[in-house]
Amino acid sequence: MKNIRGKIVCVFSAKGGIGKTTTVLNLAGIYQKLDKKVLIIDLDLSGGAIAVALNKVPEKSVYNIIDDMDNNRYNSLGSYVTKYNDKIDFLAAPKDPRQAPKIDSKYLDLILDKAIYSYDVVLIDTNHIISEINLAALEKSDRVLFMVTNDPYDLKNMKSLLSIFRDLEFKKYKILLNNSRDPLKNYFSLYDLRNILKDNIDYTLSPKFYIKNIDDYVINGKIITLDDKCASVCATDYTTLVGLATDFLEEEKKGEDSEK
Ligand SMILES: Nc1ncnc2c1ncn2[C@@H]1O[C@H](COP(=O)(O)OP(=O)(O)OP(=O)(O)O)[C@@H](O)[C@H]1O
Ligand SMILES: [Mg+2]
């Protein structure tokens with residue numbers, strides 16, 4: 001148990017399949033390299049992919065922890081997480097998707113309150129639905145990373161989402177443009193994207209970060225950013241991810257909000 005409170009970082013998007021899970025895993029790898037202890041929580045409750053991507057078979061899931069909390073059987077966070085390596089643990093999504101609707105979001109706060117004193121960073125992977133549990137995660141997080149691609153449907157949805165969040169004075173987010181998911185999608189320039197979203201693009205992953213053999217990483221349970229080659233072969237994007245990861249460890253700077 002640490003005395004210092006860790007940071008909660010939630011990755012969210014307005015459309016599915018745009019690279020959230022890949023980015024959560026890559027950030028976990030970066031935090032490991034920064035010597036931080038990381039917990040990934042898979043809140044993609046019916047389609048969770050973290051266990052598959054890390055090639056692990058979890059014994060317990062987020063369903064078990066919440067069910068045990070609900071029935072006064074909760075023991076300690078450590079008995080529900082699955083270990084990936086010395087630095088990275090994860091709390092898996094439910095094994096059975098029918099358990100997803102049974103998960104009461106009120107317990108997420110409790111899990112996070114415990115996790116932040118055992119880990120330096122808690123990374124939350126989500127799906128793109130505005131569900132109660134995702135809203136609870138966004139609310140509770142110190143930092144939120146909204147991911148967007150150069151895709152008209154995605155942009156339309158993200159534009160609406162951002163305008164709602166701005167109306168709600170929700171300011172703790174940064175926006176990551178992911179051009180690595182689909183390098184052929186480059187219709188809109190950065191200038192267009194800022195105009196469409198009426199917001200700043202804080203970080204960009206370039207088309208060069210498109211990983212042809214990404215499924216090899218998944219099948220072998222390997223994290224891209226922990227591959228020795230990544231820092232040199234994808235130097236620019238690796239540096240972007242290190243910058244993002246480091247920014248998110250810092251307290252929100254005064255004046256940062258005024259950009260939003
Ligand atoms: N940099 C990349 N290079 C190649 N393929 C990628 C890259 N990033 C993501 N992908 C692929 O794109 C697909 C979607 O990525 P990912 O699962 O990370 O997105 P997601 O936003 O988490 O999706 P969902 O909303 O379904 O959870 C996956 O098949 C993944 O392997
Ligand atoms: Mg995902």
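**Helix packing and ligand surroundings**

Leu-108, Asp-109, Leu-112 and Asp-113 of helix 4 are in contact (heavy atoms within 4.5 Å) with Ile-133, Ala-136, Ala-137 and Lys-140 of helix 5. By class, this contact comprises 5 nonpolar, no polar and 3 charged residues (Ala, Val, Leu, Ile, Met, Phe, Trp, Tyr, Cys and Pro count as nonpolar; Asp, Glu, Lys and Arg as charged; the others, Gly among them, as polar). The model is predicted, and local features require pLDDT of at least 70, side-chain atom pairs pLDDT 80 or more, whereas totals for chains, interfaces and linings use all residues. Residues are numbered from 1 along each chain, ligands are numbered from 1 in the order written, and side-chain values use heavy atoms, without hydrogens and water.

Around ligand 1 lie 14 residues (a heavy atom within 4 Å), of which Gly-19, Lys-20, Thr-21, Thr-22 and Ile-211 come nearest. Polar contacts are pairs of N or O atoms within 3.5 Å. A backbone N or O atom of Gly-19 is 2.9 Å from an oxygen atom of ligand 1. Nitrogen atoms of the ligand are approached by a polar side-chain atom of Ser-180, at 3.2 Å, and by a backbone N or O atom of Phe-209, at 3.0 Å.

Definitions and conventions. Helix = DSSP H or I, 4+ residues; strand = E, 2+ residues; numbered from the N terminus. Polar contact = N/O pair within 3.5 Å; in protein donor to acceptor, adjacent residues only side chain to side chain.
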